[in-house]
Amino acid sequence: MRVGLLGLGRIGAFHAATLAAHPWVDELVVADADAARAAEVAARLNARVGDALDADAVVIATPTATHAELLTRACAQGVPAFCEKPVAAGVEDTIRVLKAVRRSGTVVHIGFQRRFDAGYTAAREALRSGELGTLHRVHMITGDPAPPAPDYVPMSGGIFRDCHIHDFDILRWVTGREVESVYATGSNRGEAFFAEAGDVDNSAALLTLDDGTLVTLQGSRYNGAGYDVRMELAGTLRTRAVGLDPRTPLTSAEGLQPPGEPWPDFQARFEAAYIAEMGAFLGAARGETDSPCTVEDALAALYLAEAAELSRHEGRPVRTAEVIS
């Protein structure tokens with residue numbers, strides 16, 4: 001396969017290395033707004049700089065504002081596309097891309113890497129097999145060790161769209177249920193630039209699934225102990241936790257402490273999942289499997305983020321149906 005890659009920032013460069021090492025990729029074509037960066041990555045990975053859409057598949061890792069246009073172009077050219085989340089900055093543009101995908105029939109995979117993490121996969125299988133019994137409660141945490149750059153926050157869409165959208169997606173994927181309502185809140189305990197952008201740096205939400213299961217969600221941009229992403233599934237027979245490993249940044253009051261260094265960031269924590277995700281996309285691009293994470297999935301997660309933001313602003317529970325177009 002000849003695979004193109006657009007955008008060579010941190011995650012784009014990681015994807016480039018993954019693709020360059022993949023046995024199905026015969027040629028890697030990269031492009032970036034920074035020509036020097038593109039040349040450096042191409043030289044290091046034995047790739048070439050060129051038109052990334054002139055390929056058998058394309059990976060889009062450019063800034064959010066460019067995603068919708070690039071996905072639409074890929075669909076128009078019939079090029080299977082992987083795109084880092086989100087599809088677009090808002091619901092309207094996401095629906096526009098979804099319509100383009102449906103018209104063209106092009107394979108499009110949106111990057112929600114937690115679906116390819118071994119822990120989440122095992123939890124999903126345990127729940128679906130009946131090992132946990134009937135699910136009654138779910139708890140999720142996403143804590144970043146340090147906040148993003150101040151100039152990123154106003155463009156991020158807020159903590160629920162930028163950060164917790166991963167929690168919303170994995171909740172649907174693991175449980176197989178839809179969210180009926182969201183009650184969200186947040187606070188500002190750190191730098192002023194979050195509040196100035198209308199955002200929060202600490203978050204919490206209560207979600208109710210369509211079968212009555214209760215879900216609690218917490219998040220922070222200041223989890224100084226390290227990168228912390230966990231999920232707990234409590235059923236009538238057993239409780240299964242995801243994210244408790246030797247590098248979990250968590251120490252118990254009774255003295256139990258993980259032996260390893262805490263996870264420093266999302267890329268280190270989910271490195272294996274990112275690699276597996278790219279392999280799954282290439283399989284879909286080759287026509288061997290269906291797209292494992294569709295634009296429909298991304299839109300469903302975005303609706304939950306929209307509901308959470310509306311709830312936070314209005315201080316009330318919001319039914320998901322209120323925000324669905």
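**Ground rules.** I number residues from 1 along each chain as its sequence is written, and for side-chain values I use heavy atoms, leaving out hydrogens and water. Because the model is predicted, I take local features only at pLDDT of at least 70 and side-chain atom pairs only at pLDDT 80 or more, while totals for chains, interfaces and linings use all residues.

**Entry 1: the sheet.** I looked up the strand order and found an open sheet of 6 strands, β3-β2-β1-β4-β5-β6, with parallel pairing. Strands (E, at least two residues) and helices (H or I, at least four) are DSSP runs numbered from the N terminus, and two strands pair if DSSP finds at least two bridges between them. β3 (48-49) and β6 (108-111) are at the edges with a single partner strand each, so one side of each has no neighbour in the sheet.

**Entry 2: pairs around β1.** I went through the bridges next. β1 is joined to β2 by 5 bridges, with V3 partnered by L28 in β2. Between β1 and β4 I noted 4 bridges, again parallel; here L5 stands opposite V59 in β4. β2 (residues 27-31) is joined to β3 by 2 bridges, and V29 has R48 as its bridge partner in β3.

**Entry 3: cover on β1.** Is β1 mostly covered or uncovered? I found it mostly covered, with 4 of its 5 residues buried (under 20% relative accessible area; exposed is over 50%, partly exposed in between, with a 1.4 Å probe and protein chains only). Helix α1 (residues 10-21) lies across β1 (2-6), β2, β4 (57-60) and β5 (81-84), and runs at about 170 degrees to β1. The angle is taken between N-to-C directions, from 0 to 180 degrees, with axes fitted to C-alpha atoms, for helices over the stretch in contact (heavy atoms within 4.5 Å).

**Entry 4: E92.** I located E92 in helix α4 (residues 91-104). E92 counts as exposed because its relative accessibility is 69%. From its C-alpha atom to that of D290, 198 residues apart along the chain, I noted 25 Å.

**Entry 5: two domains.** The domain assignment gives domain 1 (2-112 + 274-290) and domain 2 (115-270 + 301-322); such bounds come from an automatic or database assignment. Their centres, taken over C-alpha atoms, are 26 Å apart. In contact are 15 residues of domain 1 and 15 residues of domain 2. The area buried between the domains is about 1,400 Å², 63% of it from carbon and sulfur atoms (accessible area, 1.4 Å probe, lost by two parts on being put together, summed over both). R10, F112 and Y274 supply 48% of what domain 1 buries against domain 2, more than any other three residues.
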